[in-house]
Amino acid sequence: MKKIVLILLTCSGIAVVEGQTVINKYMEKYEDDETFTKVSVNSKMFSLFAEMEGSEEDEQLFYDITSKLKGMKVIASEKVPSPKILYNGAVSDIEKAGFEELMTVKDAEENVKISIKDKNGIIEELIMVMGGKEKFALVSIFGEINLKQISKLASLMRINQLKYLENLDGAVD
Amino acid sequence: MNKPFLFTLLLLSALSDFAQESIIKEFSEPRRSTRWLNPICLYPSTLRMINISGDANYNELVSDIEKILIYRLDSITIMSEDYDSWIETYENVGFEEYINLYGKQTMKILGKGEEYVGLLKVEEKLLTFYLKGEIAFHKIPNLIQSFRKGNLLNVLTEQLR
C-alpha cells in the first residue's frame with residue numbers, strides 16, 4: 001500500500017514538473033539577460049494587465065474566462081541577434097514536448113505558431129511562439145483553457161504579444 | 001463564544017498582521033534612501049485627502065484599502081543582488097507569488113488574503129511596498145494616469161526624485 005501511495009505521489013510530482021517545461025527552459029536560459037523581459041503572472045493578477053472601459057459585461061466575461069486559468073508566462077525580446085534560430089529552436093522544443101499545432105501565421109514581418117497540449121480532452125496549456133526580423137516571444141497560458149474564450153481574453157489584456165491570439169476566434173469552431 | 005477566548009483570538013489576529021507587515025519593515029527601514037523623510041504611509045483618510053480633484057474613480061479604487069506603506073531603497077541596496085531576499089520570508093508564511101517580472105525592469109507582487117507586498121525596480125529607483133485591504137488591480141493603470149495628470153497630490157515626488 002505504501003509503495004502505491006509513493007508511486008502516486010511521485011507521478012503527481014512529475015505531472016506538476018512537466019507543466020510549462022518549454023517556457024521554463026527559456027526563462028531559465030535567459031534569466032540574467034536583460035534584453036529579454038520575463039513575466040510570470042498568476043491568474044489572480046490578470047486583471048492588472050486588463051483594459052476594461054468600465055463595462056460590467058466585459059468585467060464579468062473577464063472573470064469567467066480567468067477563473068479556470070492558473071497563470072501565464074511570457075518571455076520576449078525586441079532585439080535578438082538571431083531570431084530565426086531562436087524561433088526554429090522553440091518550435092522544435094514545442095513539438096518534442098508533445099504539443100499539437102493549432103495555427104500558424106506567416107507573413108513578411110513575423111512567423112507565429114500556436115500549439116496546445118491536452119489531457120483527457122481538457123486543454124491544459126497553450127503555447128505561442130513568435131519570431132520576427134529582430135523580435136522573439138514565447139507565451140504560455142496554463143490551467144483549464146477554453147479556446148473560444150482565449151481570443152477575447154487576448155483582446156482585453158494590454159500585452160502586445162497576445163494580439164496574435166485574437167486570430168484564434170476564426171480558427172476555432 | 002466567551003470573552004477571554006474572543007480577546008485572545010483578536011489579539012492573535014492583530015499580532016499576526018503586525019508580524020507580516022514587520023518583515024518588509026525590518027528589511028526596508030535600514031535601507032531606505034530618504035532618511036530625512038519618513039516612508040510613505042497612507043491610510044483611508046490620507047488616501048482620500050490626496051485626491052485634490054475629487055476623482056470619483058480614484059475614491060472607488062481606494063475605498064477598501066486600509067493601509068499602504070512605501071519605501072524607496074538606497075543605491076547600495078539596488079547594487080546588491082539580495083534586494084528581494086525578504087520575499088522568501090513571505091513565501092514561508094504562505095504568501096503566493098502573483099507577479100514576477102524581470103529584465104530591464106523588475107516587479108514582484110505577492111499576496112495572501114487581503115495583504116499584498118512587493119517591489120518595483122525601474123532604472124535607478126527601487127521601491128518596496130506593503131498594502132492591506134482590497135484593490136481593483138485593473139484600475140491601477142488609470143490611477144497612474146491620475147498621478148501623471150496631477151489630479152492627485154503627488155506625495156511620491158520627494159521619494160521618486
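Let's start with chain B: buried residues make up 21% of its 161 residues. Buried has a cut-off here: 20 or more other C-beta atoms lie within 10 Å of the residue's own, with C-beta atoms placed from the backbone. Exposed is 12 or fewer, and partly exposed is in between.

A quick word on the source. This is a predicted model, where local features need pLDDT of at least 70 and side-chain atom pairs count only at pLDDT 80 or more, while totals for chains, interfaces and linings use all residues. Residues are numbered from 1 along each chain as its sequence is written, and chains are lettered from A and ligands numbered from 1 in the order in which they are written.

Now, chain A. Here buried residues make up 35% of 173 residues. Chain A has six helices and six strands. Chain B has seven helices and six strands. Those come from DSSP runs, numbered from the N terminus: helices are H or I with at least four residues, strands are E with at least two. From the N terminus, chain B reads α-β-α-α-β-α-α-β-β-β-β-α-α.

Next, the strands of chain B. Strands pair if DSSP finds at least two bridges between them. Take strand 3, residues 96-102, and strand 4, residues 106-112. They run antiparallel, joined by five bridges. B:Leu101 has B:Met107 as its bridge partner in strand 4 of chain B. The two strands form a hairpin with three residues between them. In that turn, B:Gly103 has a positive phi of about 150°.

Strand 4 of chain B also pairs with strand 5, residues 115-122, in the antiparallel sense over seven bridges. B:Met107 comes back here: its bridge partner in strand 5 of chain B is B:Leu120. This is another hairpin, with two residues between the strands, and B:Gly113 in the turn has a positive phi of about 60°.

Now follow B:Ile70. Which residue of strand 6 of chain B does B:Ile70 stand opposite? It is B:Phe129. Strand 2 and strand 6 of chain B, residues 125-133, run antiparallel with seven bridges. B:Ile70 also stands opposite B:Ile40.

How do the chains meet? 13 residues of chain B are in contact with 14 residues of chain A. Contact means C-beta atoms, placed from the backbone, within 7 Å. Strand 3 of chain B gives the most to its side, with seven residues. By class, that side has seven nonpolar, three polar and three charged residues. Nonpolar covers Ala, Val, Leu, Ile, Met, Phe, Trp, Tyr, Cys and Pro; charged covers Asp, Glu, Lys and Arg; the others, Gly among them, are polar. Strand 3 of chain B also pairs antiparallel with strand 1 of chain A, residues 37-42, over four bridges. There, A:Val41 stands opposite B:Ile99.

Last, the cores. A nonpolar core is a set of buried Ala, Val, Leu, Ile, Met, Phe, Trp, Tyr and Cys residues joined through C-beta atoms within 7 Å. The largest has 59 residues, and A:Val139 is among those with the most contacts inside it. Strand 6 of chain A, residues 136-145, brings the largest share, seven residues. A second, separate core of seven residues includes B:Ile70 and B:Tyr71.

Notes:
Two residues are in contact if their C-beta atoms, placed from the backbone, lie within 7 Å.
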